[in-house]
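Reader: I have a structure open here and would like to talk through its details with you. Could you take my questions one at a time?

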Amino acid sequence: MIKTQSKNIQLLITSLLIFSLVSCGFQLRQAASLPASFGPVSIQGVGKLSNFYKSIRNALKQSSIDIVEDGSANNIIAIKNYNRDRKVLSVGSDGKVSEYELISTASYQVIDNTGQALYPAETFSVSRYYTVSSNATLSDDLEEADIYERMEQSLVNQIFRHITANVK
């Protein structure tokens with residue numbers, strides 16, 4: 001009987017916690033969703049094989065927006081400037097770099113099928129820091145590539161939130 005009461009109390013507490021979490025309005029952040037009328041879209045200014053292009057393409061696919069290469073696009077996402085930069089933050093007593101700052105910056109503009117910009121170009125930037133391991137050069141390179149990939153995804157999310165806020 002005591003086990004049953006204990007399980008009932010646990011169930012009640014769990015239910016109350018779930019109910020309070022749901023009622024507070026908590027939701028997982030979702031990618032910005034574009035209206036279907038925004039597409040089809042052409043992506044310009046970044047190579048098709050780059051991770052940045054693939055991140056943009058995936059974000060468009062999540063919104064069910066078709067990507068076209070010819071002149072049949074309703075809108076063009078024009079990447080005006082995409083840069084990666086790495087700055088030395090600190091150097092160890094042995095004279096070797098011990099910490100870097102990675103910076104990714106992208107400027108973009110949405111152009112409609114008449115060639116008119118929907119709004120002025122916007123620039124977004126993301127930076128991250130990482131510590132260099134003195135013994136593992138290969139793993140440092142892999143870590144840096146992984147950080148850049150996550151930074152690109154963050155830039156794409158910022159761009160799509162901005163597009164979503166400005167699309168009518």
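Reader: Which backbone oxygen does the side chain of Gln-109 reach, and at what distance?

Author: The side chain of Gln-109 reaches the backbone oxygen of Tyr-119, at 3.3 Å, which falls under the polar contact definition: a pair of N or O atoms within 3.5 Å, where within protein one must be able to donate a hydrogen and the other to accept it, and residues adjacent in sequence count only if both atoms are side-chain atoms. Please keep in mind that this is a predicted model, in which local features need pLDDT of at least 70 and side-chain atom pairs count only at pLDDT 80 or more, while totals for chains, interfaces and linings use all residues. Residues are numbered from 1 along each chain as its sequence is written, and side-chain values use heavy atoms, with hydrogens and water left out.

Reader: Is Gln-109 buried or exposed?

Author: Gln-109 counts as buried because its relative accessibility is 14%, where buried means under 20% relative accessible area, exposed over 50%, and partly exposed in between, with a 1.4 Å probe and protein chains only. Gln-109 lies in strand 3, residues 97-112; helices (H or I, at least four residues) and strands (E, at least two) are DSSP runs, numbered from the N terminus.

Reader: And what does Gln-109 touch?

Author: Leaving out residues up to four places away in sequence, Gln-109 touches several residues, among them Ile-76, Ile-77, Lys-80, Tyr-119 and Pro-120, a contact being heavy atoms within 4.5 Å.

Reader: Back to Tyr-119, then: which aromatic pair does Tyr-119 form with Tyr-108?

Author: The structure holds 4 aromatic pairs, and the one between Tyr-108 and Tyr-119 is edge-to-face, with 6.3 Å centre to centre and 75° between the planes. Rings of Phe, Tyr and Trp (its six-membered ring) pair if their centres lie within 6.5 Å, and planes under 30 degrees apart count as stacked, over 60 as edge-to-face and the rest as tilted. Tyr-108 lies in strand 3 and Tyr-119 in the loop between strand 3 and strand 4, so the pair ties together parts that are 11 residues apart in sequence.

Reader: How many residues does the largest nonpolar core have?

Author: The largest nonpolar core has 31 residues, and those with the most contacts inside it include Phe-38, Phe-52, Tyr-108 and Ile-163; such a core is a set of buried Ala, Val, Leu, Ile, Met, Phe, Trp, Tyr and Cys residues joined through side-chain atoms within 4.5 Å. Its largest share, 8 residues, comes from helix 3. Ile-163 touches, among others beyond four places in sequence, Leu-34, Phe-38, Tyr-108 and Tyr-119.

Reader: Switching to helix 2, which of its residues are buried?

Author: The buried residues of helix 2 are Phe-52, Tyr-53, Ser-55, Ile-56, Ala-59 and Leu-60. Seen down the axis of helix 2, they fall within an arc of 160°, so they line one face of the helix, the arc being that of the directions from the helix axis to the C-beta atoms. On the other side of helix 2, Lys-61 and Gln-62 are exposed.

Reader: What does Tyr-53 contact?

Author: Apart from its neighbours within four places in sequence, Tyr-53 is in contact with Ile-43, Val-46, Gly-47, Lys-48, Ile-67 and Glu-69. The C-alpha atoms of Tyr-53 and Glu-152 are separated by 9.4 Å, although these residues are 99 residues apart along the chain.
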